[in-house]
Structure formats: structure tokens, C-alpha cells
Amino acid sequence: MKVTLLPAFYGKTPHQIPCRLFIVDELYIGTWYVIEGSKNVHYTLTGLHKGINVEEILDTDGFTTDQPITAARQFIFELQKKLGSYMVRPAMQGKVFDNDVKE
């Protein structure tokens, strides 16, 4: 499973705050994402791109983690814990490497 780290922002001009999103789009047809440092994991069918305003993403609150998500491995662990490893492509189960993060 690959995690992409995507630069984004939230807020309205001129008070936009930069942030980064951890995203996984290998599950089902949508994308799971979390703002780096947040506990709130979301699911969306919206195409995510560099520089997107998080407040404009049409999404569903997926679940809340116990700890803020600060690393790709942690995000994958939380997805698998909540959603079950059956959702991950069988060839990718248990395979998480530092180089799996793309910026």
C-alpha cells in the first residue's frame, strides 16, 4: 500500500494555513486521507491534487484515531486496524516501507 504526501491548505484567503495530507487511494474507488497531525480520517470521491483547499473537499468523516497521524506507517496501521487488512490488495498486506511515501 502506498501513501502519498500531498501539500494542501485550509482556510479562506488571506488566512490560509498550509498543511500536508497523507492519502491512500488503493482501497475501493475513493481516497482515504488525513491532515498530517490530525486524528480525523476522511473518505472522499473527490480527486485530490497539490494545493487543494481541504475545506472544499466533499468527504465523509471516516473515523477518529487515538493519536494524531504524523507518519505514513501510522496512517496505514490505523486504516488496517479500523477497516481490516482484507481491504488491502493481498500482495501488499504487511508490506509497508519508508520509500512507500511519495511527495
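Mentor: Buried means under 20% relative accessible area, exposed means over 50%, and partly exposed is in between, with a 1.4 Å probe and protein chains only. This is a predicted model, in which local features need pLDDT of at least 70 and side-chain atom pairs count only at pLDDT 80 or more, while totals for chains, interfaces and linings use all residues. Residues are numbered from 1 along each chain as its sequence is written, and side-chain values use heavy atoms, with hydrogens and water left out.

Trainee: Why is Leu21 called buried?

Mentor: Its relative accessibility is 0%, so Leu21 counts as buried. Leu21 lies in strand 2, residues 17-24; strands (E, at least two residues) and helices (H or I, at least four) are DSSP runs, numbered from the N terminus.

Trainee: What does Leu21 touch, not counting residues up to four places away in sequence?

Mentor: Contact means heavy atoms within 4.5 Å. Among the residues that Leu21 touches are Leu5, Ala8, Tyr33, Ile35, Ile52 and Ile57.

Trainee: How confident is the predictor in strand 2?

Mentor: pLDDT is the predictor's confidence in each residue, from 0 to 100. In the protein chain the confidence is highest in strand 2, at a mean of 96, and lowest in strand 7 (residues 101-102), at 50. Over residues 90-100 the pLDDT is below 50, although this stretch has 14 contacts in the model beyond near neighbours in sequence. The mean for the protein chain is 83, with 80% of its residues at 70 or more.

Trainee: What is the pattern of the protein chain along the sequence?

Mentor: The pattern is β-β-β-β-β-β-α-β, which comes to one helix and seven strands. Of the 103 residues, 42% count as buried.

Trainee: What makes a set of residues a nonpolar core?

Mentor: The members are buried Ala, Val, Leu, Ile, Met, Phe, Trp, Tyr and Cys residues joined through side-chain atoms within 4.5 Å. The largest such core has 16 residues, of which Val3, Phe22, Trp32, Val41, Phe75 and Leu79 touch the most other members. Helix 1 gives the largest share of this core, five residues. Apart from it lies another core, of eleven residues, among them Ala8, Leu21, Ile23 and Tyr33.

Trainee: What does Val41 touch, not counting residues up to four places away in sequence?

Mentor: The contacts of Val41 include Trp32, Val34, Phe63, Phe75 and Leu79.

Trainee: How many aromatic pairs does a search of the whole structure find?

Mentor: The search finds three. Rings of Phe, Tyr and Trp (its six-membered ring) pair if their centres lie within 6.5 Å; planes under 30 degrees apart count as stacked, over 60 as edge-to-face, and the rest as tilted.

Trainee: Why is the pair of Phe22 and Phe75 called tilted?

Mentor: The ring centres are 6.5 Å apart and the planes stand at 40 degrees, so the pair of Phe22 and Phe75 is tilted. Phe22 lies in strand 2 and Phe75 in helix 1, so the pair ties together parts that are 53 residues apart in sequence.

Trainee: How do you know that Phe22 counts as buried?

Mentor: Phe22 has 2% relative accessibility, so Phe22 counts as buried. Phe75, at 0%, also counts as buried.

Trainee: What makes the pair of Trp32 and Tyr43 tilted?

Mentor: The planes of Trp32 and Tyr43 are at 55 degrees, with the ring centres 4.9 Å apart, so this pair is tilted. Trp32 is in strand 3 and Tyr43 in strand 4, eleven residues apart. Ring pairs link Trp32, Tyr43 and Phe63 into a cluster.
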